[in-house]
Amino acid sequence: MLIDLSEIELDALAETFNLALGEAAAMFSAMVHEEVALSVPTVELIRRSDLASELQASLHSSRLCAIRQEFESNSRFRTNIMLLFPEHSSLEIVRCMLGDSTPIEQLTELEQDTLAEVGNIIMNSCMSSLANLFGIRMTGTLPQVNAEDAHGLLSEDKPQEVILVASISMTLSAHNLSGFVLFVMDPEAIESLLEQVRLAFKI
């Protein structure tokens with residue numbers, strides 16, 4: 001499916017996801033007790049297999065930790081949201097939340113539940129913001145936490161499928177930890193999102 005996005009549409013999409021993550025970043029900052037810096041969102045159409053290669057290089061880690069949820073609306077709009085961190089960074093995030101004095105051997109039992117809580121709060125906040133912007137209802141699955149390489153995390157039956165990816169990097173200043181928030185959408189969901197964005201921004 002060929003999708004041609006104008007510069008105005010790309011700017012509107014970037015602003016949409018910037019609005020969606022603003023409040024979520026503030027909540028994340030409160031959870032980890034330090035400032036969280038956000039990059040300007042980038043929006044691109046990319047093949048699924050190429051996205052995996054880009055992520056592997058950007059995060060400089062052979063294994064990534066992904067916290068993911070799927071959301072769908074009462075319209076055709078749906079998205080798979082992923083919070084991605086290098087695997088070693090996910091442990092540091094847990095330490096930030098539980099306190100630096102927590103013995104490292106105790107974190108392995110708590111890590112998955114704690115990261116799932118992080119993801120659930122951040123991603124539900126994002127989708128609540130989008131639902132309010134578009135005037136729609138959104139429902140989501142429970143968060144899942146996985147750790148493997150990027151190709152494993154993004155494995156699908158359609159590696160050549162063109163998907164829309166909105167990418168925002170999040171950096172924890174005190175610990176110099178970086179990760180990405182990805183909104184991944186298939187062609188049908190992209191068309192639905194564009195309809196909502198055109199209405200919201202009067203394009």
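Begin by selecting T16, which is found in helix α1 (residues 7-32); here helices (H or I, at least four residues) and strands (E, at least two) are DSSP runs, numbered from the N terminus. T16 is buried, with a relative accessible area of 0%, where buried means under 20% relative accessible area, exposed over 50%, and partly exposed in between, using a 1.4 Å probe and protein chains only. Now display the residues that T16 touches, leaving out those up to four places away in sequence, and you will find L130, L133, F134, V197 and F201; contact here means heavy atoms within 4.5 Å.

Before going further, please note that this is a predicted model, in which local features need pLDDT of at least 70 and side-chain atom pairs count only at pLDDT 80 or more, while totals for chains, interfaces and linings use all residues. Residues are numbered from 1 along each chain as its sequence is written, and side-chain values use heavy atoms, with hydrogens and water left out.

Next, select T114, which belongs to helix α4 (residues 104-134). T114 is buried as well, with a relative accessible area of 9%, and, apart from its neighbours within four places in sequence, T114 is in contact with V94 and M97.

Move on to G135, in the loop between α4 and β5. Is G135 buried or exposed? With a relative accessibility of 64%, G135 counts as exposed. If you also select Q196, which is 61 residues apart from G135 along the chain, you can check that their C-alpha atoms are separated by 9.0 Å.

The following stop is M138, placed in strand β5, and its relative accessibility of 18% makes M138 count as buried. Which residues surround M138, once its neighbours within four places in sequence are left aside? M138 is in contact with F71, E72, S73, F77, M127 and A131. By comparison, select L115, 23 residues apart from M138 along the chain, and you will see that the two C-alpha atoms are separated by 22 Å.

Now go to K202, which lies in the segment after α6 (187-201) and counts as exposed at 74% relative accessibility. K202 has a positive phi of about 55° although it is not a glycine. Most residues other than glycine have a negative phi.

Along its principal axes, the C-alpha trace spans about 50 × 35 × 25 Å, and buried residues make up 49% of the 203 residues.

As a last step, colour the chain by pLDDT, the predictor's confidence in each residue, from 0 to 100. The mean pLDDT is 81, and 90% of the residues reach 70 or more. Among the elements, helix α3 (residues 87-98) has the lowest mean pLDDT, 74, whereas strand β5 (residues 138-140) has the highest, 92. Where pLDDT is low, the predicted coordinates should not be read in detail.
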